[in-house]
Amino acid sequence: PVSDHFDGERFFDRRGAPPRGQPDLLRWMVDRYLRGKRAKWPAWAPSPYADQPPASVEGAGWRISYIGHASFLIQTAGLNLLLDPVWSKRASPFRLVGPKRVNDPGVAFVKLPPIHAVLVSHGHYDHLDVATLSRVAAAHRPRVITPLGNDTIMRNHDPAIAAESYDWGDRVELGSGVAVTLLPSRHWSARSLSDRNMSLWASIVIETPAGRIYFVADSGYDDGRHFREARERHGPFRLAILPIGAYEPRWFMRDQHMNPAESVQALIDCGAELALAHHFGTFQLTDEAIDAPLIALDEALEAAAIPPERFRTLQPGEVWEL
């Protein structure tokens with residue numbers, strides 16, 4: 001039904017900014033390819049880590065394995081959750097064209113423990129990978145929790161994907177004291193040129209016996225209201241998982257992706273005890289160098305007088321146990 005963020009056909013953020021149009025996209029392509037403003041990434045940048053997770057983690061603790069880009073395996077309370085899983089070689093609708101991963105997933109697919117639920121934040125190809133979701137569905141039969149409209153994308157590809165779609169503010173029980181709630185973020189969605197904003201996007205709060213996790217997949221910063229409201233309505237957070245990459249050029253990306261300094265401010269705004277970075281180092285989606293987000297994050301933390309151990313970065317296959 002029509003709401004304050006859905007007009008009957010397309011979703012919108014009434015306090016946000018619409019996605020940029022074709023003239024701006026053309027300007028960006030001219031800058032990056034004809035004027036050389038796109039940094040060159042290495043063809044392959046392997047991680048020294050490769051995780052082999054246990055079958056489960058019981059009790060009030062977390063085991064968080066970084067798969068790469070925005071993908072995580074979170075194990076807690078006997079449940080195994082995948083966040084925005086992408087095991088494909090490209091974040092693209094095409095097999096031979098589009099951003100190609102420069103390191104292997106941090107957990108080999110065959111080494112995954114039984115997956116009970118998958119959380120998919122929105123429909124962009126670097127977050128919603130239908131090929132991976134089909135593999136997960138065939139091997140594990142998990143519930144797939146996603147914002148409105150993305151369930152149609154998944155089932156159109158593979159009816160076996162057990163997708164459940166929810167609106168901003170909806171809370172979903174997963175069992176064992178774990179639940180998720182979908183929250184607004186400053187972003188947009190599309191799979192093609194004709195379906196812009198016909199599926200919803202969201203950040204996700206994960207409630208567990210060990211505390212709450214605030215997973216922000218993609219978001220611009222703006223004035224920080226989304227992060228402050230998340231804190232007021234759903235905090236306190238023990239951990240915020242925040243994006244730090246895919247932010248250049250700023251004139252094009254600022255409304256949809258935060259840079260590291262903005263992510264540090266988002267940590268302050270949401271009030272989480274700890275933060276974990278993602279959205280860097282696996283797919284080159286934008287113009288900054290592969291190591292630029294890590295360098296800028298260190299600088300932003302120093303400027304804000306926040307110790308680096310409060311805002312951690314992992315390489316694919318690296319594990320953080322809390």
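Biologist: Between which two strands does the loop that holds Leu-96 lie?

Modeller: Leu-96 lies in the loop between strand S3 (79–83) and strand S4 (117–119); strands are DSSP runs of E with at least two residues, and helices are runs of H or I with at least four, numbered from the N terminus. The model is predicted, so local features need pLDDT of at least 70 and side-chain atom pairs pLDDT 80 or more, while totals for chains, interfaces and linings use all residues. Residues are numbered from 1 along each chain as its sequence is written, and side-chain values use heavy atoms, leaving out hydrogens and water.

Leu-96 counts as exposed because its relative accessibility is 72%; exposed means over 50% relative accessible area, buried under 20%, and partly exposed in between (1.4 Å probe, protein chains only).

S3 runs antiparallel to strand S2 (residues 71–76), joined by five bridges; strands pair if DSSP finds at least two bridges between them. Within this pairing, Ile-74 has Leu-81 as its bridge partner. Two residues separate the strands of this hairpin, where Ala-77 takes a positive phi near 55°.

S3 and S4 run parallel and are joined by three bridges, with Leu-82 opposite Val-118 in S4. Ser-121 is found in the loop between S4 and helix H2 (130–140). Ser-121 is buried because its relative accessible area is 0%.
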